[in-house]
Amino acid sequence: MFKRSTLLLLTIVMLVAMLPLSMTVSAQNPDCEGDVTLTYWHHWGGNRIPLQEHQVAAFEDAHPGICVDNVFLPWDNRLQNLLAAIAAGNPPDVTMFGRQDLPFFAATESIIPLDDYMAADGVDPAIFHSSEFAGTQFNGKTWILPLPGGGAYNIVWYNTDHFAEAGIESFPQTWDEMLEAAETLRLGDGEFLERIGLNAQSTSGAGAFLTWLNANGGDWITPDLRTITINNEAGAQALEFMQAMAEINYGIEEVNAFWEMAGEFDQGPLIQGLVSMEINGSWTLFQVEAHAENLNYGVAPIPYGPNGSADRRGSAHGGWGYMVPKNAAHPDEAWKLVKWLTTEVEGDGACWFIQQQQRPSPLVECNGYEKDGVVHPRAEALLGVAALDYLVPVSPVQPEASQIINRMVEDVLFGDSSIEDALANAEAEIQALLDAFWEEYG
Amino acid sequence: MGLLFISPWIVGVLLFSLFPFVASFLLSFTKYNIVQPPEWIGLDHYNSIFTDDPLFLKSLRNTGVYVGGSVTIRIVLGFALALLLNAKVRFLGLWRTLFYLPSVVPIVALSVIWLYVLNARAGLLNSLLYAIGLPRYRWFADPDIAMIGYLIMSTTWVGVTMVIFLAGLQGIPEEYYDAAKIDGANVFQRLRRVTIPLMTPTIYLNILINIINAFQVFTQVFIMTDGTGGPRDATRTYVLHLFDHAFQYLPPQMGYSSALAWILFMIIFFFTAVIVTTSQRWVFYQGGENGA
């Protein structure tokens, strides 16, 4: 049916088309010689890949006899990959790990507690900021070590040129001021947006609703992680704020449609000029400097709601860490790598890796905004924002709980449910999940 | 000796098809979080799915819309293209290659391309619509039309259906057309009285293949919605729902997912059985034998 030349063309096209599939990147230093090769999984993509390679090479130099197979995996499939590997009895020796995933893996002892290793090597928990170390604990044991910092997830990055054009002289501190500023900064014809002042659905870390709830002084779960507490005045006000912001931006459908143009890294909404204010984590600094060095921008804490206060703004929530799975082939050497990735201050390890990205470090001794001996000019402002962060706990059923909360927000913003009903239903649904978890694993 | 040569295939089927098939059936009666041994709970999962899972029906309905739409599109469009490419036109090989080409592009790459094509603001399709005075649609932002975006995307794989139809068309003897022409049949009459009846075995095959594939739609939705099935769960397909329970939620619910998988299997089996059974009435083979 096909001529030979056509078949050749087809083959070439197939091979070229398969290139984007190679999302998993494995790198092993060919010059490394050792008896032990550790398999190390991480999710540091984009312009962090060369930093990872450098950090791992430095570890190999400092630990003769240990080589590392450095594997980058996409974040989206992390649980699928990890669960499959653990079930197959062939997990990596060390893996990057979401702190929100800790309760299940710790409760089932699918990962190795690190307390004995820490005691043997003199790793004192006090080297970490206490809020960062708190996220590594479950049932009184330490299962992971933190990196990067889980704080400073909700910094408002704003375009100062847009503010000057709109005649806004000071950054909004309260939700009412934020709504007013967002409406002034928004550009559009009444139906289609040309620029968004602020997209209240786009935050990072805890997710949009929990971010606004926190900035309104509300706690979504009790400290013992057993009771959900969103169905109250603070929760209702958070949803009302999100609803009001969506209406300013011509409704949720237009916001979502407009947001399709936003991506990551050099396609970020602030970098593209799609928004005047973007709520995002501290990693944005590295991205702005890499991709938009001429952008005139400022940083500010997230405004607080009617139930909130000026000293509780952003949310420290979840974050990352490194752990050793049960059945890892080389647990002792794996611990050495975990230690390098999370506690090393002298060599090109934990502190160096964070400083290269200019973001907060969980290590007390390490100023993440100091790179090659030079403190970043915005360090003081960024650390000031981080100081207003408040710890938002992660529940043991976080992935499904987050999905239920997102569904609740959509119910309200699409007008399919009243705020009262949406809050009551979501709270009951998540509570049922929590009760089931504690009944089985408590 | 023959058994030796075929043994890799036999081992592959036993290990990677039959074993998971049987294992998933057994797991569907257990509570299984992957990292601990399964615990037998009988029919609890099946009971929960039908009585306590609102997303089960929603995802099933979304999948049903996709199956109905995409199978119709692929059969009608694939057949039309095959008719055109069965004619004696210039650069026939080039046209056939071009229409088949998208089918061999990996779905990950295709999904990214379609995200650009159907982008509400900067997308190619909306730009074309706007240029001819039609409204711009918020394809993936409007829950009412989000699934239509995936139906448009499903035209990508029409090449596979087209190739099978082409093979069927080339199997129709010219004598039938010659006889119809002598009897005075015009081109539409020849299509209706000769081509379509003789193509029913191929149509039957294509419907079966496409229905089985369409019920398992997952990858494009997973990639294009970041695994959410949004907006408003309007594109949450059945397999995406199943995947969430197995790999996205903690604790993982592999037993529940297996139960969902077996319900899907039974649904596909039911539709297949209906088509196979009714085929005796509408599938015609040369020589006068009806049915499968």
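**Domains, chains and a helix pair: a short tour**

Let's start inside chain A. Eleven residues of domain 1 of chain A are in contact with ten residues of domain 2 of chain A. Contact here means that the C-beta atoms, placed from the backbone, lie within 7 Å.

A word on what you are looking at. This is a predicted model, where local features need pLDDT of at least 70, side-chain atom pairs count only at pLDDT 80 or more, and totals for chains, interfaces and linings use all residues. Residues are numbered from 1 along each chain as its sequence is written, while chains are lettered from A and ligands numbered from 1 in the order in which they are written.

Back to the domains. Domain 1 of chain A covers 18-150 + 318-376, and domain 2 covers 155-313 + 395-441. Those bounds come from an automatic or database domain assignment. The C-alpha centres of the two domains lie 30 Å apart. On the domain 1 side, helix H4 (residues 102-107) of chain A gives the largest share, three residues. Helices (H or I, at least four residues) and strands (E, at least two) are DSSP runs, numbered from the N terminus. That domain 1 side divides into four nonpolar residues, six polar and one charged. For those classes, Ala, Val, Leu, Ile, Met, Phe, Trp, Tyr, Cys and Pro count as nonpolar, Asp, Glu, Lys and Arg as charged, and the others, Gly among them, as polar.

Next, a sheet in chain A. How many strands does the open sheet have? Five, in the order E9-E10-E11-E8-E12, with mixed pairing. Two strands pair if DSSP finds at least two bridges between them. At the edges are strand E9 (187-188) and strand E12 (297-301) of chain A, each pairing on one side only. E9(A) pairs with strand E10 (residues 193-198) of chain A in the antiparallel sense, over two bridges. A:Gly188 has A:Leu193 in E10(A) as its bridge partner. Helix H16 (residues 379-386) of chain A packs on the sheet and touches strand E8 (155-159) and E12 of chain A. The direction of H16 makes about 25° with that of E12(A).

One backbone detail in chain A. A:Tyr250 is not a glycine, yet has a positive phi of about 70°. A:Tyr250 sits in the loop between helix H10 (233-248) and H11 of chain A.

Now the two chains together. 33 residues of chain A are in contact with 29 residues of chain B. On the chain A side, H1(A) gives the largest share, six residues. That side divides into 20 nonpolar residues, six polar and seven charged.

Last, chain B. Helix H12 (residues 238-248) and helix H13 (residues 254-282) of chain B pack at an angle of about 160°, with their axes 7 Å apart. Axes are lines fitted to C-alpha atoms, for helices over the stretch in contact, and angles run from 0 to 180 degrees between N-to-C directions. H12(B) and H13(B) are therefore roughly antiparallel; angles under 35 degrees count as roughly parallel, over 145 as roughly antiparallel, 65 to 115 as roughly perpendicular and the rest as oblique. The contact includes B:Tyr238 and B:Leu242 of H12(B), and B:Leu260 and B:Leu264 of H13(B). Its residues divide into eight nonpolar, three polar and no charged.

Two cis peptide bonds to finish. One joins B:Gly230 and B:Pro231, with omega about -5°. B:Pro231 is in the loop between helix H11 (219-224) and H12 of chain B. Another runs from B:Leu250 to B:Pro251, with omega near -5°. B:Pro251 lies in the loop between H12 and H13 of chain B.

Terms used: Two residues are in contact if their C-beta atoms, placed from the backbone, lie within 7 Å.
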